[in-house]
Protein chains: 2
Amino acid sequence: MAGVEETARMIAPEVVRTPVLRSPRLNDILGLSLWFKAETLQVAGAFKYRGACSFLMRLSAEQRNRGVVAFSSGNHAQAVAAAANRFGVSAKIVMPSDAPAIKLEGTRAWGADVITYNRMTESREAIAGEIARQEGRTLIPPFDHPWTILGQATAGLEFYQQLAAQQVLLDVLLIPCSGGGLTAGVSTVFRAHSPQTQLWAVEPHGYDDTAQSLATGRRVSIQPPSQPTLCDSLALTEPGHLTLAMNQHLLNGVQTASDASVLTAMRLIGQHLKLLVEPGGAIGLAAVLEHPARFTAGQQVGMVLSGANVDPHVWARAHS
Amino acid sequence: MAGVEETARMIAPEVVRTPVLRSPRLNDILGLSLWFKAETLQVAGAFKYRGACSFLMRLSAEQRNRGVVAFSSGNHAQAVAAAANRFGVSAKIVMPSDAPAIKLEGTRAWGADVITYNRMTESREAIAGEIARQEGRTLIPPFDHPWTILGQATAGLEFYQQLAAQQVLLDVLLIPCSGGGLTAGVSTVFRAHSPQTQLWAVEPHGYDDTAQSLATGRRVSIQPPSQPTLCDSLALTEPGHLTLAMNQHLLNGVQTASDASVLTAMRLIGQHLKLLVEPGGAIGLAAVLEHPARFTAGQQVGMVLSGANVDPHVWARAHS
């Protein structure tokens with residue numbers, strides 16, 4: 001995928017070049033050499049701001065004047081709201097009425113107009129599509145678009161460059177996976193620059209639509225379990241079209257992790273890295289904890305901590 | 001104080017060049033342009049690791065062979081233990097038997113030999129001095145030594161350089177103050193490179209020994225209040241000799257903040273910067289919240305988030 005370097009240059013003035021952090025003690029405990037890309041420190045608390053900037057900055061002046069619309073229950077909503085605020089663009093965000101209050105408030109706080117809908121009886125795609133048509137707004141897709149994927153890929157480019165500056169080549173890279181935009185973008189960069197790195201997406205138990213799609217060779221829509229995952233940002237039940245097509249060629253495999261492992265991972269990240277992290281953002285480390293036999297002692301293992309928009313009560317659960 | 005640049009070069013391979021973070025939303029809420037130096041992400045979770053490395057790296061091979069000793073109830077203990085571990089030096093740390101379990105465990109986890117004492121009946125200085133004499137160990141002072149202060153000053157040098165790279169000159173810099181080592185070191189750098197910046201130390205209400213010492217022109221030992229401060233890392237009751245002499249010449253003043261403001265500051269830092277921070281580490285923002293009239297709208301205000309070794313229960317208190 002061409003254009004990652006150009007996208008990185010374009011959005012550089014807007015995004016945080018997030019640090020790569022590590023913990024000697026956590027390395028000792030797990031017997032691995034771990035590298036954490038802290039996208040938790042990105043604007044609006046998640047990598048999603050990269051994709052939102054990549055998309056908004058490519059719009060024409062006329063498109064910006066007409067405003068944008070997006071649907072999301074969480075990090076994409078806040079990212080589009082924050083980027084629209086930054087560029088003086090009107091934003092309408094379609095969110096489920098039962099979305100976490102912290103995410104509804106967070107989106108409104110960036111000045112976006114939040115439209116709530118009933119998840120049981122209404123379609124967010126239909127509502128957002130109708131707003132786009134009626135008001136001439138541009139729909140900002142959460143993952144299944146080249147401009148979005150290019151933005152997320154810049155997190156991978158930075159990560160690769162930051163590691164290369166320390167002469168580190170990863171043996172394994174773990175990427176949280178929902179619609180697959182971060183996975184596709186970051187994997188594109190590492191496949192090109194660091195071909196020996198094993199690229200693994202990580203999904204929550206029961207939400208392994210990308211794993212099933214890779215296994216069957218077609219886009220699988222899964223039936224979600226009755227028990228919702230703690231990883232609200234990874235709760236989609238089917239991959240994107242473009243992202244799946246990319247990930248089929250790029251990934252070495254998919255790991256899954258349970259809520260229990262995710263809670264332990266959140267606690268370890270707080271204790272040793274001093275970062276807040278949301279459940280979905282901690283799933284890479286959760287996979288390490290849950291599948292130790294899949295790693296060899298001393299391996300260089302990187303992971304993207306993808307977001308930090310965690311409710312204080314959920315954070316507290318990780319420490320109880 | 002000469003030698004900050006040399007110290008920075010010496011310890012650079014060992015320490016984290018911690019990021020400077022900001023939050024557009026927090027800036028909007030407070031009407032200021034805030035810059036946060038995240039020493040919370042330093043090795044062992046606090047700026048103290050800089051001073052410990054600065055000191056240990058200057059010891060002779062023979063001194064290193066004989067080992068080191070330190071007394072501390074918290075961040076200095078963990079920093080010396082971590083640095084000693086890094087350089088293969090034996091460390092004994094004298095800690096009160098009622099120190100927070102998380103800090104006792106943290107110090108032991110770095111491989112240090114922890115000697116506990118009864119705060120009511122024994123003197124930690126006497127115990128550590130006796131160990132130093134009997135075993136030929138070098139005592140690593142927590143703040144009142146040029147090597148320690150030079151190490152802490154490197155946080156200021158980095159902060160200054162990171163701001164200068166963005167063409168930012170601070171109007172005000174807020175520095176958490178206990179023994180005064182961080183304050184003296186960071187102030188030295190900013191006084192030299194950025195003379196127009198107002199340099200303010202920040203102490204907890206009731207623990208304003210540096211404020212009283214500056215006001216009276218002599219080293220004041222205060223009677224601590226019956227209610228202990230939440231800021232365990234800032235609970236000393238008298239400044240150092242060297243640090244006070246330096247701070248008398250360097251500081252523009254001292255602010256104080258209450259536990260209530262500190263808890264609010266911790267919550268805001270978690271919410272908007274996604275960082276864990278301990279009470280003492282958040283006191284700069286607490287001073288902004290408590291004394292808004294001392295700041296002018298739009299001012300460039302920097303602060304050092306000095307540490308993140310916070311008990312999960314204390315963190316939860318900030319969100320209740």
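**Close-up views of a two-chain predicted model**

**Figure 1. The interface between chain A and chain B.** About 1800 Å² of area is buried between chain A and chain B, and carbon and sulfur atoms give 75% of it. The model shown here and in the other views is predicted. On the chain A side, the residues that lose the most area to chain B are A:R25, A:K274 and A:L276, which together account for 36% of what that side buries. The contact draws on 20 residues from chain A and 20 residues from chain B.

**Figure 2. The symmetry that relates the two chains.** Chain A is superposed on chain B by a rotation of 180 degrees with 0.0 Å of shift along the axis, at an RMSD of 0.0 Å. This is the relation of a two-fold axis. Both copies use the same surface, since 100% of the contact residues of chain A recur in chain B. The residue of chain A that comes closest to the rotation axis is A:L275, with its C-alpha at 2.5 Å.

**Figure 3. Packing of helices α1 and α8 in chain B.** Helix α1(B), residues 4-11, packs with helix α8(B), residues 146-164, at an angle of about 90 degrees, and their axes are 9 Å apart. The two helices are therefore roughly perpendicular to each other, as angles from 65 to 115 degrees are counted in that class. From α1(B), the contact is made by B:V4, B:E5, B:T7, B:A8 and B:I11, and from α8(B) by B:L150, B:G151, B:A153, B:T154 and B:L157. By residue type, this contact comprises 6 nonpolar, 3 polar and 1 charged.

**Figure 4. Packing of helices α1 and α3 in chain A.** In chain A, helix α1 (residues 4-11) and helix α3 (residues 48-56) pack with their axes 10 Å apart, at an angle of about 90 degrees. That angle makes α1(A) roughly perpendicular to α3(A). The residues in contact are A:T7, A:M10 and A:I11 of α1(A), together with A:R50, A:C53 and A:S54 of α3(A). They divide into 3 nonpolar, 2 polar and 1 charged.

**Figure 5. The four-stranded sheet of chain A.** The 4 strands of this open sheet in chain A are ordered β5-β4-β3-β6, with parallel pairing. At the edges stand β5 (113-117) and β6 (138-139) of chain A; each has a single partner strand, so one side of each is left without a neighbour in the sheet. Strand β4(A), residues 91-96, pairs with β5(A) in the parallel sense over 5 bridges. A:K92 stands opposite A:D113 of β5(A).

Technical notes. Residues are numbered from 1 along each chain as its sequence is written. Chains are lettered from A and ligands numbered from 1 in the order in which they are written. This is a predicted model: local features need pLDDT of at least 70, side-chain atom pairs count only at pLDDT 80 or more; totals for chains, interfaces and linings use all residues. Side-chain values use heavy atoms; hydrogens and water are left out. Axes are lines fitted to C-alpha atoms, for helices over the stretch in contact, and angles run from 0 to 180 degrees between N-to-C directions. Angles under 35 degrees count as roughly parallel, over 145 as roughly antiparallel, 65 to 115 as roughly perpendicular and the rest as oblique. Contact means heavy atoms within 4.5 Å. Ala, Val, Leu, Ile, Met, Phe, Trp, Tyr, Cys and Pro count as nonpolar, Asp, Glu, Lys and Arg as charged, and the others, Gly among them, as polar. Copies are superposed by least squares on the C-alpha atoms of residues with pLDDT of at least 70 in both. Buried area is the accessible area (1.4 Å probe) that two parts lose on being put together, summed over both. Two strands pair if DSSP finds at least two bridges between them.
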